[in-house]
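Have the 3D view open as you read.

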Amino acid sequence: MTALDDDFGWTLGVIFRAYVKATNVAVGDLPGGHRGYQILTAATRDQPESQSALCQQLGIDRTVMTYLLDDLERASLVTRRPAPADRRTRLVVATETGRARLADLDRRLAMAEAHVLAGLAPDEQAALKSLLSKLAVHANAADPVDNACQALQDIAAGTP
């Protein structure tokens, strides 16, 4: 035991670092890394009504989203199609290659998560995830994050 073992910030930082390291290995060379995974997941499972709606859903700046989608499209993981109701609107749709890659990524990310949580019993893992989810919803309601890109810039700059 050290004095830091009871420090909430240190504890979160250590767990977050372990999670990021494990998941970085899991996503590997996926274009856009974690953001690419989120886009591929949304394009496969949520099927947002437009590219703009996808930006809002994921909290990604529109300009950044364009570059991410370009990279994912070059990798044949997603495609942008005109919406049937309004051809000016673009739908982001996962390709068959994208769906297969997502299934592999899901498996790899589950293994990474299991690695990080390995120090806990299965019931403790479920309880921790449930409590963290509840806390995240509360924290986001108290201080909403409209743009994940800006939130990361704030963290890097040390801005509250």
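The axes used here are lines fitted to C-alpha atoms, for helices over the stretch in contact, and angles run from 0 to 180 degrees between N-to-C directions. Two packed helices are described by the angle between their axes and the distance between the axes.

Please keep in mind that this is a predicted model. The mean pLDDT of the chain is 88, with 89% of its residues at 70 or more. Among the elements, helix α5 (residues 96–116) has the highest mean pLDDT, 96, while helix α7 (residues 148–157) has the lowest, 62. Where pLDDT is low, the predicted coordinates should not be read in detail.

| Helix pair | Angle between axes | Distance between axes |
|---|---|---|
| α2 and α3 | about 120° | 11 Å |
| α2 and α5 | roughly 120° | within 10 Å |
| α2 and α4 | about 80° | 10 Å |

**α2 with α3.** Helix α2 spans residues 33–46 and helix α3 residues 51–58. Angles of 65 to 115 degrees count as roughly perpendicular, so α2 and α3 are oblique to each other. Their crossing is right-handed. On the α2 side, Gln38, Ile39, Ala42 and Asp46 make the contact, and α3 brings Leu54, Gln57 and Leu58. By class, that contact has four nonpolar, two polar and one charged residues.

**α2 with α5.** This pair is also oblique, but its crossing is left-handed. Helix α2 contributes Tyr37, Leu40, Thr41, Thr44 and Arg45, and these meet Gly98, Arg99, Arg101, Leu102, Leu105, Asp106 and Leu109 of α5. The contact residues divide into five nonpolar, three polar and four charged.

Which two side chains meet in a salt bridge here? They are aspartate 106 and arginine 45, at 2.1 Å from N to O. Aspartate 106 lies in α5 and arginine 45 in α2, so the pair ties together parts that are 61 residues apart in sequence. Side chains of opposite charge can pair when their charged atoms come close. The count of salt bridges comes to 10.

**α2 with α4.** Helix α4 covers residues 62–74. The angle between the axes of α2 and α4 is about 80°, which makes α2 roughly perpendicular to α4. The contact is formed by Arg35, Gly36 and Ile39 of α2 together with Val64, Met65, Leu68, Leu69 and Leu72 of α4. By class, it has six nonpolar, one polar and one charged residues.

Notes. Residues numbered from 1 in each chain as written. Heavy atoms only, no water. Helix = DSSP H or I, 4+ residues; strand = E, 2+ residues; numbered from the N terminus. Parallel < 35°, antiparallel > 145°, perpendicular 65-115°, else oblique. Left-handed = near helix turned anticlockwise from the far one by under 90°. Contact = heavy atoms within 4.5 Å. Nonpolar A, V, L, I, M, F, W, Y, C, P; charged D, E, K, R; others polar. pLDDT = per-residue confidence, 0-100. Salt bridge = Lys/Arg side-chain N within 4 Å of Asp/Glu carboxyl O.
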